[in-house]
Structures are given as C-alpha cells and as structure tokens.
Amino acid sequence: TIFEKETMHRDSLLQQLESYLDLFPDESAMLERYISFVKANSDCFERSLQIGHVTGSAWVVNRERTHTLLTHHKKLNKWLQLGGHADGDVDVLRVAKREVAEESGITDVVQVGDGIFDVDIHLIPERKNEPEHYHYDVRYALQVTGDEDYVVSDESHDLDWLEIDRLSERTQEESMLRLARKWQLR
C-alpha cells in the first residue's frame with residue numbers, strides 16, 4: 001500500500017526507538033512524543049520540516065573510555081556532544097558518525113553497545129531566517145579506535161576531551177548529565 005511505502009524509510013528508526021523504550025521505560029513520555037513525530041511526518045529527516053527534524057549525535061569517548069569529546073557549539077554557545085542534521089539520511093547512526101568526522105576530523109570510531117544510547121527532544125531558538133523548532137535527537141555511544149587528536153571546525157568555538165566524572169564542571173544541561181550517568185552505569 002501507499003502507507004507502507006510511505007513509512008518504510010522510517011521503519012529502522014522506529015524499531016530502534018521501540019527497543020530503546022523497552023530499555024528505558026521511565027523515558028516513555030518523551031519516547032512516545034518522538035515516535036508520534038516520526039510516524040506523523042514522512043519528511044522527518046529533512047531540515048526543511050520547519051516544526052522540527054531528526055538529528056543524529058554522538059557521545060564520543062576516548063580509547064580508555066574515561067573522557068568524552070565535547071564541542072563548544074558556536075550557534076548555541078553551549079558545551080554539547082557532537083552531532084547535527086540528518087539532511088535526508090535515514091541511517092541516523094551514519095549521520096552521527098559523519099557529524100563526528102565533520103566537527104572533529106576523527107574518523108576511526110566504533111559503536112559501543114547496540115542501538116540507541118540516548119534520545120532527547122530540545123527546542124532550538126529562532127535565528128535570522130529560521131523559526132524556533134525542535135531537534136529530535138538520537139544519540140549513539142561511539143568510541144575512538146584510532147587517533148584522538150581533533151581539529152576544531154567552523155561550527156565550534158572549541159573542542160575538548162573532558163573527563164566524564166568532571167562533566168558537571170562544564171555544563172549543567174540535564175541531557176548532557178544524563179549521558180554521563182548512563183555511561184557510568186554501563
């Protein structure tokens with residue numbers, strides 16, 4: 001049917017979100033909102049969907065798994081995990097890896113664990129010719145397997161390998177602190 005063809009490109013993400021929900025039932029309110037958004041918007045992977053869109057990001061850890069790579073994001077002026085827009089790519093893990101490479105120059109990474117590490121929905125403030133909208137962010141845990149040296153891109157003020165135990169010294173963003181808590185519980 002047309003409906004089945006219409007949703008097929010979203011099936012992988014929806015399956016990953018359902019599996020994540022099984023692991024983190026306490027996040028069900030946010031997950032149900034996320035799943036409803038994906039089901040309702042066939043163009044959810046496109047930045048042109050002005051109400052919001054799917055983004056992919058990465059909780060990047062060093063080889064020893066003691067530090068995480070953060071970006072001091074230029075537009076938002078906050079220390080955050082690396083990530084960005086799907087721009088039509090339905091493979092959100094590939095999006096996260098691409099964003100790590102674009103924002104840090106680091107290309108040798110492997111996924112830690114199976115599936116989604118964390119999910120977040122956050123409001124992006126209005127800017128110049130862009131209305132206020134939501135990012136439906138899927139976060140994967142990625143470990144660097146090669147060179148840990150990074151290059152700061154135009155999207156960042158700076159990058160930094162921060163000891164995970166010291167994350168709260170750099171940010172009080174609840175979604176960032178949740179990433180650290182989940183990592184420490186692994």
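Hi everyone, let's start with a strand pairing: strand E5, residues 109-111, is joined to E7 by three bridges, and the two run antiparallel. If you want a residue pair to click on, Val-109 has Val-144 in E7 as its bridge partner. Please keep in mind that this is a predicted model.

Let's stay with E7, strand 133-144, for a moment. Its pairing with E6 is also antiparallel, and here there are seven bridges. E1, on the other hand, runs parallel to E7, with 10 bridges joining them.

Now, which residue of E7 is the bridge partner of Ser-57? That is Arg-139. Asp-118 also has Arg-139 in E7 as its bridge partner.

Next, the nonpolar interior. As a general point, nonpolar side chains in soluble globular proteins tend to be buried together. In our model, the largest nonpolar core has 37 residues, and the members that touch the most others are Leu-13, Leu-17, Tyr-34, Val-38 and Val-54. At least two residues of this core come from each of H2, helix H3 (28-40), strand E1 (52-61), helix H4 (92-104), strand E6 (118-124), E7 and strand E8 (156-163). The element that gives the most is H3, with six residues.

Take Leu-13 and look at what surrounds it. Leaving aside residues up to four places away in sequence, Leu-13 touches Tyr-34, Val-38, Phe-45, Val-54, Val-92 and Val-138. There is also a second, separate core of 16 residues, and among its members are Leu-70, Trp-79, Leu-179 and Ala-180.

I'd like to finish on Arg-10. You'll find Arg-10 in the loop between helix H1 (2-8) and helix H2 (11-23). Is this arginine buried or exposed? Arg-10 is buried, because its relative accessible area is 2%, and the cut-off for buried is under 20%.

What does the side chain of Arg-10 reach at 2.6 Å? It is the backbone oxygen of Val-38, and Val-38 is one of those core residues I listed for touching the most other members. Setting aside residues up to four places away in sequence, the contacts of Arg-10 are Val-38, Lys-39, Ala-40, Asn-41, Ser-42, Cys-44 and Phe-45.

Technical notes:
Residues numbered from 1 in each chain as written. Predicted model: local features only at pLDDT ≥ 70, side-chain atom pairs only at ≥ 80, totals over all residues. Heavy atoms only, no water. Helix = DSSP H or I, 4+ residues; strand = E, 2+ residues; numbered from the N terminus. Buried < 20%, exposed > 50% of the residue type's maximum accessible area, 1.4 Å probe, protein only. Polar contact = N/O pair within 3.5 Å; in protein donor to acceptor, adjacent residues only side chain to side chain. Contact = heavy atoms within 4.5 Å. Core = buried A, V, L, I, M, F, W, Y, C linked by side-chain atoms within 4.5 Å. Pairing = 2+ DSSP bridges.
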